[in-house]
Amino acid sequence: MIDRRTFNKAAGVGTAAAATSLAGFRANAEAATGRPHRQGGTPAPTVPAVTPGTHTSFARLKQVKAGVLDVGYAEDGPRHGPVVICLHGWPYDIHSYVDVAPLLAAQGYRVIVPYLRGHGTTRFLSSRTVRNAQQSAVALDIVALMDALKIDKALLAGFDWGSRTADIIAALWPERVKALVSVSGYLITNVEAQKKPLPPKAEHTWWYQYYFATERGRLAMEDKTDRHDLARLVWDTVSPTWHFDDATFERTAAAFENPDYAAIVIHNYRWRLGLADGERRYDRYEKRLATRPVIEVPTITLDPERDPFTAPGDGASYRDRFAGPYTHRTLTGIGHNLPQEAPTAFAQAVVDVDRF
């Protein structure tokens, strides 16, 4: 899930601007965001609309050794097309992009959708590797994946953990990022800031983080039935307008059977709250991330209106973290799992930002 400190900062901005429903999203006024710059003045093509849930599987599933992992990933589109890497969050998996991938493939993109560490078919190569899920470790997994696949530069798109991961790569290794689509904006975590309490209403929204800080929460994540039911509760809560069926959830829940799933999820949330140590080899990256580095690559940020984690202010709380060509859009009636709930709008954002 997204960063609680980002949520708290935005809570004081004011009432969210009213959203309209043009194709499920709207762009902010040019005065607030700046007009997107298009290469050669060529307008972006319109992505054909698809009904969410049209697809249930991917064209190709693959494995590749990258860094400390054997990464499982889905791939679609032409082998030599421009690369888009789509990154999922928690408690989700690659199926968040099951409708997005064919839409982008049809536009000529090579689409890569990896299981993050601890999810699905992604495995650690060594039993001795620390099951660490701090933000820079996860970001370096994706850089290693790009190296393994000989991808010099890619467009990155993500939500939840995936937004944070994409934001970090764009901030620390901008030469590897052609453009960025980031749901919920700037999600880079500052651990020290996270230690400060939030207003009670905001704290209530983050209940699962505190649950995971307890032994009860850890045991629940290790129990197949408990983690299944907890994840289903989260889906129902954070996507109140998404009428998914049981089969849709179960396709993703299969990814929770990874032997390292519980350890990765628990460490991620405990580390964010300063309750679990990271590794010293990542200290140099975390020191840079603690300064809230500005992202300069072309970016579209997306806010899902019905996500309880979407802060008021229509993206104002993080606008100053994006210094390049930029547009913000709010998707009306959409919850937390934005790419699976609104695949056409998500794919359109990818196509649009590629023309900035």
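**View 1. Strand β10, covered on both faces.** In this predicted model, strand β10 (residues 326-331) is mostly covered, with 6 of its 6 residues buried (under 20% relative accessible area with a 1.4 Å probe, protein chains only). Strands here are DSSP runs of E of at least two residues, and helices are runs of H or I of at least four, numbered from the N terminus. In a regular strand the side chains alternate between the two faces of the sheet. On one side of β10 sit Tyr-326, His-328 and Thr-330, on the other Thr-327, Arg-329 and Leu-331, all buried.

**View 2. β9 beside β10.** Strand β9 (residues 299-304) runs parallel to β10, joined by 6 bridges; DSSP must find at least two for strands to pair. Asp-303 has Thr-330 of β10 as its bridge partner.

**View 3. Trp-90 meets Tyr-269.** The whole structure holds 26 aromatic pairs, meaning Phe, Tyr or Trp (six-membered) rings with centres within 6.5 Å; planes under 30 degrees apart are stacked, over 60 edge-to-face, the rest tilted. For Trp-90 and Tyr-269 the centres are 5.6 Å apart and the planes at 70°, so this pair is edge-to-face. Trp-90 lies in the loop between β4 and α3 (100-106) and Tyr-269 in helix α12 (residues 261-272), so the pair ties together parts 179 residues apart in sequence. Trp-90 is buried, at 0% relative accessibility, and Tyr-269 is buried at 0% too.

**Notes for all views.** Residues are numbered from 1 along each chain as its sequence is written, and side-chain values use heavy atoms, without hydrogens and water. Local features need pLDDT of at least 70 and side-chain atom pairs 80 or more, while totals for chains, interfaces and linings use all residues.

Methods. Buried < 20%, exposed > 50% of the residue type's maximum accessible area, 1.4 Å probe, protein only.
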